[in-house]
Amino acid sequence: MTSRFFALLLLAITGVGHAAGIDRRIAVTIDDLPWARLDEIQPADLQARHQALLGQLKQANVPVVGFVNENKLEVDGVVQPQRVQMLRDWLDAGYALGNHTWSHMDLNAEGVEAFQQDFLRGERVLRPLLAERGQVPTWMRHPYLRAGRTAEDRARMDVFFAEHGYRIAPVTVDNGEWVWAFAYANVLNEQADTPAREAVLRQLRRGYVPYMLNKLDYYEAQSVALLGYALPQVWLMHANELNAATFAELVAATQRRGYRFVSLDEAMQDAAYVRGTTGYDGRYGPSWLHRWAMAEKQPKTFYAGEPEVPAWVKTLAKVDYE
């Protein structure tokens, strides 16, 4: 029997959300601001969808760090004031903003030099925008969670980020939220406004929250198995139509499981995060918990049981992976 089996058994015995002595904390991060897929789909009601998301965030009333791709601020190379205002709306609401590169560049595919140039291009609007409020950009998030193929590349990037005043925002609760969101947006954008469309959208909303909670349970068990305690988690989500409809419900359901929502800074104070991005040299971007497990050479069985996005959702999303 694996250590993860015993972690799951412990959670089952004590009761998820009711276990005495388990300090469940989680920080929310939202990528691809001002809006996911804005470079692919520019909905006529973008402002309404943006306001709906902010309304959900306000209702949930938890700390959030949003990560910006500045290419999404542009149309034909020209920065659009309305899209910059979307970022101001986040700041007005009290949320922090970080750098997610200009073009959502894949570090592992493009290499250190190209990534560094793209990253600095990604603060041309962000840095002066924050300066208006006496702030500086502090957080960065790797697109696709891809942090470098080699220890040397990761070390070079660590120096680069430190020189420019950035801290890496990890992700421990990785998920296929983006697949559910693609499916939701595709139905919303491509189907006529009929009762049949609303039925599909409702089905997606009802499936999304349990899926995300199952992921949360899985990574809590991974944390207990690997570290011996419930790590203050960092959750990855995106600025999209699905969260504009469900975020407050998801937060409430997570709180019922016994979680407290904390700032990213508070979560990062846990000593485990000193491990950084070590442990993984592949082309993809796994959870930080799984990177650390790889560094400890955990067996393949350690990673078993991770919840998957249902096939019907992938079909609606028009993807065959997650």
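User: How many bridges join β2 to strand β5 (residues 96–99), and how do the two run?
Analyst: Four bridges join β2 to β5, and the two strands run parallel. Strands pair when DSSP finds at least two bridges between them. Elements are DSSP runs numbered from the N terminus: helices are H or I with at least four residues, strands E with at least two.

User: Where does this model come from, and how are residues numbered?
Analyst: The model is predicted, and residues are numbered from 1 along each chain as its sequence is written. Local features need pLDDT of at least 70 and side-chain atom pairs 80 or more, totals for chains, interfaces and linings use all residues, and side-chain values use heavy atoms, without hydrogens and water.

User: Back to β5, then. Which residue there is the bridge partner of G66?
Analyst: The bridge partner of G66 in β5 is L97. G66 also stands opposite I30, so to speak of β2 is to speak of β1 as well: four bridges join β1 to β2, which run parallel, and β1 is in turn largely enclosed by the rest of the structure, because 10 of its 10 residues are buried.

User: What counts as buried or exposed here?
Analyst: Buried means under 20% relative accessible area, exposed means over 50%, and partly exposed lies in between (1.4 Å probe, protein chains only).

User: How many residues of β2 are buried?
Analyst: Strand β2, residues 64–68, is mostly covered, with five of its five residues buried. V64, G66 and V68 point one way from the strand, whereas V65 and F67 point the other way. The residues on either side are all buried.

User: Who lines the largest pocket?
Analyst: Its lining holds 42 residues, and those nearest its centre are Y144, R146, W178, Y321 and E322.

User: Which elements supply at least two residues of that lining?
Analyst: Five are listed: the strands β1 (24–33) and β8 (233–238), together with the helices α8 (177–190), α9 (195–227) and α12 (288–295). The largest share, four residues, comes from α8.

User: And the second largest pocket, what is its volume?
Analyst: The second largest pocket has a volume of about 300 Å³. It is lined by 16 residues, with Y273, V274, R275, G276 and T277 closest to its centre. Helix α7 (151–163) and strand β7 (167–168) each supply at least two residues of this lining. α7 gives the most, with four residues.

User: How many cavities of 30 Å³ or more are there?
Analyst: The count comes to one cavity of 30 Å³ or more. The largest cavity has a volume of about 30 Å³. Its lining is made up of W35, A36, R37, L38, I41, P43, A185, N189 and E241.

User: How far is A192 from L97, in sequence and in space?
Analyst: A192 and L97 are 95 residues apart in sequence, and their C-alpha atoms are 35 Å apart in space.

Methods: 1 Å grid on protein atoms, 1.4 Å probe; cavity = no way out; pocket = protein on both sides within 12 Å on 5 of 7 lines; lining within 4 Å. Points joined across faces, edges and corners; volume = space filled by probe spheres on them.
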